[in-house]
Amino acid sequence: LIKFKGKINLMKKIKILAIETSCDETGAAILEGKSGSKNPRFKILANVVSSQIKIHALWGGVVPSLAKREHQANLIPVLKKTLKESNLLIFNSEFLIFKQIQSSKFKILNSILEREPELLKQFLKFIPAIAVPKIDAIAVTSGPGLEPALWTGVNFAKALALIWKKPLIAVNHMEGHIVSVLLKQNKIIKFPAIALLVSGGHTELVLIKNWLNYRIIGQTLDDAAGEAFDKVARLLGLPYPGGPALAKLAVKNKKVPDFKPRTPSAVRFPRPMINSRDFDFSFSGLKTAVLYLVRKLPELTPEIKAQICREFQQAVIDVLIAKTLKAVQKYKPKTVILGGGVAANQELRKQIKKELSKKFSKISLLLPEIKFTGDNAAMIAAAG
Ligand code: KG4
Ligand code: ZN
């Protein structure tokens with residue numbers, strides 16, 4: 001729809017605005033990037049995330065139509081906050097507001113945002129009232145994610161690019177999770193690299209030979225790692241989102257002695273596909289194993305619950321680490337990257353660090369800062 005004819009000089013300092021709406025977080029960020037694509041450096045001018053967790057928690061999971069509605073309502077306030085924090089929010093004089101509204105582009109704008117009437121209303125009120133911000137480009141998550149949610153962000157970014165005459169860059173959400181490790185100052189990715197991406201929708205091992213050169217060498221055949229955490233948490237009656245709640249219980253009750261059930265099977269879950277020859281994963285059997293155990297138990301006491309959380313978490317971690325080490329053995333990367341929402345898991349972070357340094361001491365491991373593990377627009381700006 002929008003073609004950009006200019007060129008961006010990557011060696012110059014550039015400012016990039018990013019929009020992220022792939023799931024249940026409405027995100028906008030502005031990053032200043034420099035030093036080109038070989039060794040990029042980023043300065044985060046603003047990174048705003050508006051979470052919808054409270055709304056979806058009532059339903060025990062993300063409801064796509066509600067997510068879309070919330071993104072529509074939140075995008076303009078989130079953008080406003082992002083521009084303000086970056087010192088790029090300047091209000092127009094009344095004359096300029098009038099001139100902008102007269103613009104012929106508003107017909108196209110109406111068609112871009114015709115499925116987002118609430119957003120269009122806010123857009124028409126806010127955008128003409130402010131000066132075009134001094135940014136060089138706009139990046140937006142174009143997938144993968146929940147389709148209705150993605151569309152709202154993509155259409156919003158298209159509308160901004162049209163009115164502000166900025167180039168628009170479509171970004172893959174998983175690429176965002178990969179480069180999230182660069183948001184920490186002075187980190188560089190040496191190629192080839194292997195990324196273990198663990199989120200609510202995906203579990204992937206990605207071989208990265210160079211920038212923009214990605215190959216998925218393994219992925220989950222059923223549930224994603226985060227999805228398994230969420231489903232097991234639900235089985236145990238833990239609140240949404242289940243991952244952090246389950247992880248907390250697994251740690252908090254470390255002193256709980258090993259549970260000795262009256263039934264013959266102790267709490268021991270399988271490590272699915274840990275010895276398979278490929279780099280794929282499968283987590284749905286693990287969830288079923290938890291379900292069968294819970295059904296058999298006469299009572300789900302807090303001690304048993306903690307024990308289940310600990311064993312389930314360890315089973316997931318064992319498989320993730322075993323497959324990552326196997327990929328390292330085969331592809332001999334210089335860097336290993338961990339990314340995605342599950343990368344917030346402290347045990348996973350600790351154990352992958354320990355195992356990697358034990359067997360491959362020369363390889364550097366890049367972990368994202370906790371605040372950049374979940375969905376955010378800063379990582380999308382960096383990828384853009
Ligand atoms: O990357 P993300 O924010 O969204 C997607 O792109 O899917 O990942 C969200 C997932 C959820 O399944 C959530 O339960 C999980 O990450 N998660 C965790 C932890 N924090 C978030 N899983 C295990 N341990 C955690 N500490
Ligand atoms: Zn994500």
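In which loop does Thr373 lie? The legends below answer this and describe further close-up views. The model is predicted: local features need pLDDT of at least 70, side-chain atom pairs count only at pLDDT 80 or more, and totals for chains, interfaces and linings use all residues. Residues are numbered from 1 along each chain as its sequence is written, chains are lettered from A and ligands numbered from 1 in the order in which they are written, and side-chain values use heavy atoms, with hydrogens and water left out.

**Figure 1. Thr373 in the loop between E10 and helix H13.** Thr373 lies in the loop that connects E10 with helix H13 (378–383). Helices (H or I, at least four residues) and strands (E, at least two) are DSSP runs, numbered from the N terminus. Thr373 has 3% relative accessibility and therefore counts as buried. Buried means under 20% relative accessible area, exposed over 50%, and partly exposed in between (1.4 Å probe, protein chains only). The side chain of Thr373 reaches the backbone oxygen of Ile370 at 2.7 Å. Such a polar contact is a pair of N or O atoms within 3.5 Å; within protein, one must be able to donate a hydrogen and the other to accept it, and residues adjacent in sequence count only if both atoms are side-chain atoms.

**Figure 2. The zinc ion (ligand 2) and its protein donors.** His173 (NE2), His177 (NE2) and Asp375 (OD) are the protein donors, lying 2.1 Å from the zinc ion. Donors are N, O and S atoms within 2.8 Å of the metal (3.2 Å for Na, K and Ca); water is not among the atoms, so sites may look incomplete. Along the sequence, the donor residues follow the spacing H-x3-H-x197-D. Because His173 and His177 are four residues apart in helix H7 (residues 173–179), about one helical turn separates them. Both of these histidines, His173 and His177, are buried.

**Figure 3. The surroundings of ligand 1.** Ligand 1 is surrounded by 18 residues, of which the closest are His177, Gly200, Asp230, Gly341 and Asn345. A residue is counted here if one of its heavy atoms lies within 4 Å of the ligand. A backbone N or O atom of Gly200 is 2.8 Å from an oxygen atom of ligand 1. An N or O atom in the side chain of His173 lies 3.2 Å from an oxygen atom of the ligand. In the side chain of Asn345, an N or O atom is 3.0 Å from a nitrogen atom of ligand 1. The protein covers 85% of the 550 Å² of accessible area that ligand 1 has on its own. Accessible areas come from the Shrake-Rupley method with a 1.4 Å probe; for residues, only the protein chains shown count as cover.

**Figure 4. The open sheet E8-E7-E6-E9-E10.** Five strands form this open sheet in the order E8-E7-E6-E9-E10, with mixed pairing. Strand E8 (213–219) and strand E10 (364–366) stand at the edges with a single partner strand each, so one side of each is left without a neighbour in the sheet. From one strand to the next, the twist averages 20 degrees. For such angles, axes are lines fitted to C-alpha atoms, for helices over the stretch in contact, and angles run from 0 to 180 degrees between N-to-C directions. Strand E9 (residues 335–339) and E10 run parallel and are joined by three bridges. Two strands pair if DSSP finds at least two bridges between them. The bridge partner of Ile337 in E10 is Leu366.

**Figure 5. The open sheet E3-E2-E1-E4-E5.** This open sheet has five strands in the order E3-E2-E1-E4-E5, and the pairing is mixed. At its edges are E3 and strand E5 (168–172), each of which pairs on one side only. Seven bridges join strand E1 (residues 14–20) to E2 in antiparallel fashion, and Ile19 has Ala28 of E2 as its bridge partner. E1 and E2 form a hairpin with four residues between them. E2 is also joined to strand E3 (residues 41–51) by ten bridges, again antiparallel. In contrast, E1 and strand E4 (residues 137–143) pair in the parallel sense over four bridges, with Ala18 opposite Ala139. Nine of the ten residues of strand E2 (residues 25–34) are buried, so E2 is largely enclosed by the rest of the structure.

**Figure 6. Thr220 in the loop between E8 and helix H8.** Thr220 is placed in the loop between E8 and helix H8 (225–235). Thr220 counts as buried because its relative accessibility is 16%. Its side chain reaches the backbone nitrogen of Asp222 at 3.2 Å.
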